[in-house]
Amino acid sequence: MKLIVYYAHPGHRYSHVNRDMVRAVEKLADITFIDLYADYPRFDIDVTVEQNRLLEHDVVVFQFPVFWYSTPAIFKEWQDVVLEHGFAYGTGGDRLAGKWLLLAVTAAGPREAYTEKGYQHHSLRTFLTPLEQTAQLCQMGFSAPYVLFSSLQAPALGTVGAHVEGYRRLLEAIRDDRFDFDSAASMELLDHDNLPLRAED
């Protein structure tokens, strides 16, 4: 499958995990990688270029750290201008129908924080609901997100390597049509130990 990864991290050089994830992506063949803050530092997003990129790919991955329970600002701008009425939704807006959206996110808080009794009071999926609904409105499938909790402590906890390796395996499986999207759509979250992959032929 043709796969494009859109990355957004306004503090990329200070990243604890995403920087290593990006390095892994950049080493993979036949995967398109777009750093939105690098390409559009003034947020002057080229709508035609971005819509054509979407049309050329089967699977769209958004990679980002969760910022204030949402995406970094440039992702919201990208959605506002690229996912136009008549293109992505609305009358005649079926150009993305049948494609898949997958989120690869890092969260600073621990897993237990994202529960009803945790200090975030809601699951991580609850905070990602706007993106899930965006996929549905655009007639796209929505996979369970690939997540690393406690990302700020990840280097000290020794969890970066396994997470990055899992991300590499995930992207390769999507590219090589070995990722089970139907199973992933019914799951809550994905991590490096929990990837629905089909066996290689």
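**Ground rules.** I worked on a predicted model, in which local features need pLDDT of at least 70, side-chain atom pairs count only at pLDDT 80 or more, and totals for chains, interfaces and linings use all residues. I number residues from 1 along each chain as its sequence is written, and my side-chain values use heavy atoms, with hydrogens and water left out.

**Overall.** I looked up the secondary structure and found 9 helices and 6 strands (DSSP runs, H or I of at least four residues for helices and E of at least two for strands, numbered from the N terminus). I then compared the radius of gyration with the globule rule (over C-alpha atoms; 2.2 Å times the number of residues to the power 0.38): a compact globule of 201 residues would be near 17 Å, and the protein, with 16 Å, agrees. The C-alpha atoms fill a box of roughly 45 × 45 × 35 Å along the principal axes.

**Helices 3 and 4.** I looked up how helix 3 (residues 47-55) and helix 4 (residues 73-82) are arranged, and their axes come within 10 Å and cross at roughly 90 degrees (lines fitted to C-alpha atoms over the stretch in contact, with angles from 0 to 180 degrees between N-to-C directions). The two helices are therefore roughly perpendicular to each other (65 to 115 degrees). V47, E50, Q51 and L54 of helix 3 meet W78, V81 and V82 of helix 4, where contact means heavy atoms within 4.5 Å.

**Cavity.** I found 1 cavity of 30 Å³ or more (on a 1 Å grid over the protein atoms alone, a set of points where a 1.4 Å probe fits but cannot get out; lining residues have an atom within 4 Å of a point).

**Pockets.** I looked next at the pockets (open sets with protein on both sides within 12 Å along at least five of seven lines). The largest pocket has a volume of about 320 Å³, and of its 21 lining residues the closest to its centre are P65, V66, A107, A108 and S151. The second largest pocket has a volume of about 150 Å³, and its lining includes F64, Y69, K76 and T134. Helix 6 gives the most to that lining, with 3 residues.

Note on methods. Parallel < 35°, antiparallel > 145°, perpendicular 65-115°, else oblique. Points joined across faces, edges and corners; volume = space filled by probe spheres on them.
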